[in-house]
Amino acid sequence: MINPKKRKEQRIIIITFISIFMIAFIGLVVSLLVSGTSNNIQAQNAKKVTDSRQENRNLQEEIKKVNETYKEAKAWLKVPGTSIDSAVYQSTDNDRYLRNDKDNVQTRWGENFIDYRCNLDNITNPMQNYIIYGHNTEIDTRFTPLLEYKDKTFFDDHQIIELATLNGYYRFQVFAAYQTTTDFYYIDTNFKDAKDFESFDNSLKEKSAYDNNVEVTSEDTILTLSTCDYSIENGRFVVHAKLLK
């Protein structure tokens, strides 16, 4: 006859063994699920960071089609891997599209627009700074995704910006991204000479949160994307890229 005390000890050992097995099994299942989810997210992100050519799109034809109806639609901007993918407008001043849409209806977010001082006919000419403005709506539309460039991984993984005009298709490589205020004049479009332009370039790279060793010289053309940053007073968040030739 088995001693009751010993029987109790055996029962405890069996229960302990079953508990350890169940915990190990659950841990394995959770690990597989997490790993699968992580791999799926990585695959989705890799899929998202595709340019228009991989998507079999012709951005130049897209902006030409919009321009047939809206003559001030001058370019199509796409930042692969983000929701920034839309027509860009240009007027004779920077007020027209700030709080009015393409139909001239007053709206809080206006349209994405390029600085009126920029001449899109000569985009390949060096020593130019093309500035495009868009609102930070805080809900991942318009230029809100630009603030993702605060993250180093995002900065590294989203280096290419596409711009199509009525005359051509262009790709730019990001070289600077930073938070600033309206006190810093990053929207200069008038440069006296090569030395002045390179001084401007250097000031942008010095402001950047990250350095990816992309060289910018007086032979280059700059694309500047600008939006509001509400985390500081009169805040702006800016991304600069240079034309890839």
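## Thr-227, a buried residue

Thr-227 is buried, with a relative accessible area of 2%. Buried means under 20% relative accessible area, with a 1.4 Å probe and protein chains only. Thr-227 lies in strand β7. Strands (E, at least two residues) are DSSP runs, numbered from the N terminus.

This is a predicted model: local features need pLDDT of at least 70, side-chain atom pairs count only at pLDDT 80 or more, and totals for chains, interfaces and linings use all residues. Residues are numbered from 1 along each chain as its sequence is written, and side-chain values use heavy atoms, leaving out hydrogens and water.

## What surrounds Thr-227

Which backbone atoms does the side chain of Thr-227 reach? One is the backbone oxygen of Gly-134, at 2.8 Å. Another is the backbone nitrogen of Asn-136, at 3.1 Å.

His-135 is 92 residues from Thr-227 in sequence, yet their C-alpha atoms are 5.5 Å apart. Leaving aside neighbours within four places in sequence, Thr-227 is in contact (heavy atoms within 4.5 Å) with residues including His-135, Phe-143, Leu-146 and Phe-237.

## The nonpolar cores

A nonpolar core is a set of buried Ala, Val, Leu, Ile, Met, Phe, Trp, Tyr and Cys residues joined through side-chain atoms within 4.5 Å. The largest has 28 residues. Leu-77, Tyr-149, Ile-161 and Leu-225 have the most contacts inside it. Strands β1 (73-78) and β7 (221-228) are among the elements that each supply at least two residues of this core. Apart from it lies another core, of 24 residues, among them Trp-76 and Val-214.

Leu-225 touches Leu-77, Ile-161 and Val-239, among others, not counting residues up to four places away in sequence.

Notes. Buried < 20%, exposed > 50% of the residue type's maximum accessible area, 1.4 Å probe, protein only. Helix = DSSP H or I, 4+ residues; strand = E, 2+ residues; numbered from the N terminus. Polar contact = N/O pair within 3.5 Å; in protein donor to acceptor, adjacent residues only side chain to side chain.
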